[in-house]
Amino acid sequence: MQGPVLPGLMMNTQLTIKGILNAAVHNFPDQEIVTRLVEGGMFRYSFADAAKRFQQLANVLVRLGVKRGDRVGVMGWNTHRQLELYYALGCMGAVCHTINPRLGPENANYVINHADDKFIFYDLTFAPLVEALAPNLQNVRGYVAMTDKANAPKKSPIKPLIYEELMAKEKDQYDWPDLDENEACSMCYTSGTTGQPKGVLYSHRAVVLQALVTCLPASFGCTNADAILPVVPMFHVNAWNVPYAALLVGAKLVMPGPQLDGKSLYDLIEAEDVTYSLGVPTVWLSLLDYVNDNGKTFTKMKYTLVGGAALSEAIIRGFEAHGVHVRQGWGMTELSPTGTVNAEDPGFYDLPMEERIPIQLLQGRALPFIDMRIVSDDGKVLPWDGESDGHLQVRGPYVISDYYKADKPTLTKDGWFDTGDVAVIHPDGRMQITDRAKDVIKSGGEWISTLDIENSALLHPAVSQAAAIGVPHPKWQERPLLIVALKQGKTAEPEEIRQFVCGKLPKISCPDAVEIIDEIPIGATGKVLKTELRKMFKDYVLPEFRNGGKAKDSAGAKKGLLGSLFGKKS
Ligand code: AMP
């Protein structure tokens, strides 16, 4: 198609966080932000008052010498003070680097130095960690304890400034600059389960676009009728962008602070009339246990968005029993973070539960502006046929282009980001993660989804956590070993669990063995640490090879014939 380009005649005003803040203050000045404080008690203020505090904090930051483009680290719980850092730093043109305190000292040290943070703001809970890190932090000029005078640490080697004391000295007006939408506003490192954590630097444009698509009805679908509780931490990819999305649409924002156990979450949900909550699967299992063990139910909560790891049938059934619908989202630190959401088609809730669950277990359709494709090991783009399994690659305006200070290209040669996940895409556009590429079990030339095995195991009444890994097998290359932890006070035999799981899976996926351990290791963002499990089970011998014998038939891989192993159902 030839011809001169005809530019549109529209203003080129920039998509920046200031725009989100303006929408919040102009349209919903009286809407509330509520925090359960680290020091105990509750704090609440309106969007209008929050906006004043954002300006006060910008004045604090300027006085501390923070300049445009500077990175400032924050190690904190979900609170209004961390929210203030999100907005003040972003709107003044600096960068809010949220640090995951569960990264471990070595990684925390690495990310602070790599990001070149100028100051570290921290909640009192993390004082021992920050104090231990301080001697090795090269360019940090000072520390700010996010508390008030009454709760200030009496003695600390890092001599922190006190957040509320700094705030009290400043005026609550600040003239936000006009920024370019491509400037950075926030930063988050990947959890670094393999190798060093990698820095992802979000632009204003990416955050604004992600906030917009997050609010769409077929996405998180939140409105100003909602009270939203992000249980997902603010150090996990900007709490999935909820602190921006809630202010944009005028939803009440409820911050849980440090108390994330089942009872505390339940009490907060009920006291603050929470209608919508978001978090990783592990957190919901403990909430559901509390609700069920104590004969409670939810009065206002309508929706829960589960992401960060695969949603299980047990969670869907657990919430549905209390009238709460569950949506699944898939995303990554590198995607700002949400890439797909599995929203319901019209009439979905008229279907019987048995038909709904297999649909709900899919990761969902791409959010607007995200392109997805699946690619085979040899680089062929695969069809969206619901069967072809391939490496999931994405591109779009809120997908990473390069890791911070990357020493090698982040994208494929043709400009896609390889997610490291393996997926199937169904003809209706719904994507289904079958595994992480490095976790998938390769057995007799087929790929076995560990997610399917884990989902089935979690349906066993005694199982609280489940993880499947591949163990070497001379004939099949790898076979699944299922590792589980049991619910408190429950007992079960490994073989009984194995039989239960195999009854729900195609024969090829039936684990060859089940091992019960006290606790499954969980990483910094609530995901099972398969690297740790692989270390724990590195010398594992499948039952069929024990007693020094040659390969004998085992319970799981009986008869040793491809035909038998690859049969549809056991
Ligand atoms: P992170 O960058 O720490 O948020 O981790 C991103 C990874 O978490 C993805 O690449 C997936 O492997 C996994 N993940 C996130 N959401 C889901 C989901 N809904 N189902 C399965 N895996 C998920």
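## Exercises on a helix pair and a ligand site

In this predicted model, helix α1 (residues 17-27) packs with helix α2 (residues 47-64) at an angle of about 140 degrees, and their axes are 8 Å apart.

**Exercise 1.** Decide how α1 and α2 are oriented to each other, and state which residues make their contact.

*Solution.* Begin with the angle between the axes, which is about 140 degrees for α1 and α2. Angles over 145 degrees count as roughly antiparallel and those from 65 to 115 as roughly perpendicular, while angles under 35 degrees count as roughly parallel and the rest as oblique. The helices α1 and α2 are therefore oblique to each other. Turning next to the residues, α1 contributes Leu21, Ala24 and Val25 to the contact, and α2 contributes Phe47, Ala51 and Phe54. Sorted by class, the residues of this contact are six nonpolar, with no polar and no charged ones.

**Exercise 2.** Describe the shell around the ligand, and then the polar atoms that lie by the nitrogen atoms of the ligand.

*Solution.* Start with the 15 residues around the ligand, of which Gly329, Thr333, Gln363, Asp421 and Arg436 come nearest. By class, this shell holds four nonpolar, eight polar and three charged residues, and strand β14 (residues 325-331) gives the most to it, with four residues. Continue with the atom pairs: a polar backbone atom of Gly329 is 2.8 Å from a nitrogen atom of the ligand, and a polar backbone atom of Ala310 is 3.4 Å from a nitrogen atom of the ligand. For Gln363, a polar side-chain atom lies 2.9 Å from a nitrogen atom of the ligand. Finally, consider the surface, where the ligand taken alone exposes 500 Å², of which the protein buries 92%.

Definitions and conventions:
Residues are numbered from 1 along each chain as its sequence is written. This is a predicted model: local features need pLDDT of at least 70, side-chain atom pairs count only at pLDDT 80 or more; totals for chains, interfaces and linings use all residues. Side-chain values use heavy atoms; hydrogens and water are left out. A residue is near a molecule or strand if one of its heavy atoms lies within 4 Å of it. A polar contact is a pair of N or O atoms within 3.5 Å; within protein, one must be able to donate a hydrogen and the other to accept it, and residues adjacent in sequence count only if both atoms are side-chain atoms. Accessible areas come from the Shrake-Rupley method with a 1.4 Å probe; for residues, only the protein chains shown count as cover. Helices (H or I, at least four residues) and strands (E, at least two) are DSSP runs, numbered from the N terminus. Ala, Val, Leu, Ile, Met, Phe, Trp, Tyr, Cys and Pro count as nonpolar, Asp, Glu, Lys and Arg as charged, and the others, Gly among them, as polar. Axes are lines fitted to C-alpha atoms, for helices over the stretch in contact, and angles run from 0 to 180 degrees between N-to-C directions. Contact means heavy atoms within 4.5 Å.
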